[in-house]
Amino acid sequence: MKYSYKKVNDPKAALMTSNILHATSLEEETVAQFRGALITLFGQPQRTSQNFEEAYGYIIKATNSTGQSWILTAYEGPGGPAIGGDTEKDSIEEVAQDLLNLIEATKPADFEDVGYYEDTGSTIRYGCKEQVCFYQESTTEQHATDE
C-alpha cells in the first residue's frame, strides 16, 4: 500500500481543503456504497446533517512510507460524494485518487440514513445491508423543516 490513512478529529485540519474529485458514477447506489465503505474504513463520520447538501464529512490524514502527509476530506455535498484536500500541496491529486480507489475496493458497512435536498423537496433514504446498497428518492410537497 502506497499510503496509510487515519481519521483525524481536528476540524481545523480541513480549513484549507477544497474539492479535488467527485467520487462516484451517476448510479445512485454508488452514493450509498461510498458512505458504507467510509464507515468500514474509518467508523462514523465526524459530522452529519439531514440536509444532504452536506450529509456527512470525514477528515483523513494520508501518510506515505517516508512520513510525508496530506489532509484529505471525504464527504457528501451538493455534487454528491467527493474527496477534497489542499490543492496547493504537491501530489494531492494522486493521494486523493489512491483514497478513492481504496474506498471503491472496500466492502460497505451496514447503515441507513434519511435526509432531504431542500432545493428539490426530495427525501432520500439510502444505505447498505449485507453489502447490497440501496437509494430511494421521494418528492413531497413539503418536509419537516418547512414552516
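These legends describe close-up views of a predicted model.

**View 1. Helices H1 and H2 cross.**
Two packed helices are described by the angle between their axes and the distance between the axes. Helix H1 covers residues 28–42, and helix H2 covers residues 92–105. Their axes come within 8 Å. They cross at roughly 95 degrees. An angle of 65 to 115 degrees counts as roughly perpendicular, so that is the word for H1 and H2. Which residues of H1 make the contact? They are Gln33, Phe34, Ala37, Leu38, Leu41 and Phe42. From H2 come Leu99, Leu100, Leu102, Ile103 and Glu104. By class, the contact has nine nonpolar residues, one polar and one charged.

H1 has 15 residues. From its first C-alpha to its last, H1 reaches 22 Å. That is close to the 21 Å expected at 1.5 Å a residue. Which residues of H1 are buried? They are Val31, Ala32, Gln33, Phe34, Arg35, Gly36, Ala37, Leu38, Ile39 and Phe42. Glycine 43 follows the helix. Its phi is positive, near 80 degrees.

Is glutamine 33 buried or exposed? Its relative accessibility is 18%. Buried means under 20%, so glutamine 33 counts as buried. This residue lies in H1 and takes part in the contact with H2.

H2 has 14 residues. It reaches 20 Å from its first C-alpha to its last. This is close to the 20 Å expected at 1.5 Å a residue. Ile92, Val95, Ala96, Leu99, Leu100 and Ile103 are buried in H2. Where do these buried residues lie, seen down the axis of H2? They fall within an arc of 140 degrees, so they line one face of the helix.

**View 2. Serine 91 in a loop.**
Serine 91 lies in the loop between E6 and H2. Its phi is positive, about 70 degrees, although serine 91 is not a glycine. Serine 91 is partly exposed. Its relative accessible area is 36%.

**View 3. Glutamine 131 in a loop.**
Which strands does the loop of glutamine 131 lie between? They are strand E8 (122–129) and strand E9 (132–139). Glutamine 131 has a positive phi of about 70 degrees, and it is not a glycine. With a relative accessible area of 46%, glutamine 131 is partly exposed.

**View 4. Lysine 61 in strand E4.**
Lysine 61 has its place in strand E4. Alanine 23 is 38 residues from lysine 61 along the chain. The C-alpha atoms of these two residues are separated by 18 Å.

Methods. Residues are numbered from 1 along each chain as its sequence is written. This is a predicted model: local features need pLDDT of at least 70, side-chain atom pairs count only at pLDDT 80 or more; totals for chains, interfaces and linings use all residues. Side-chain values use heavy atoms; hydrogens and water are left out. Axes are lines fitted to C-alpha atoms, for helices over the stretch in contact, and angles run from 0 to 180 degrees between N-to-C directions. Helices (H or I, at least four residues) and strands (E, at least two) are DSSP runs, numbered from the N terminus. Angles under 35 degrees count as roughly parallel, over 145 as roughly antiparallel, 65 to 115 as roughly perpendicular and the rest as oblique. Contact means heavy atoms within 4.5 Å. Ala, Val, Leu, Ile, Met, Phe, Trp, Tyr, Cys and Pro count as nonpolar, Asp, Glu, Lys and Arg as charged, and the others, Gly among them, as polar. The expected span of a helix is 1.5 Å times one less than its number of residues. Buried means under 20% relative accessible area, exposed over 50%, partly exposed in between (1.4 Å probe, protein chains only). The arc is that of the directions from the helix axis to the C-beta atoms.
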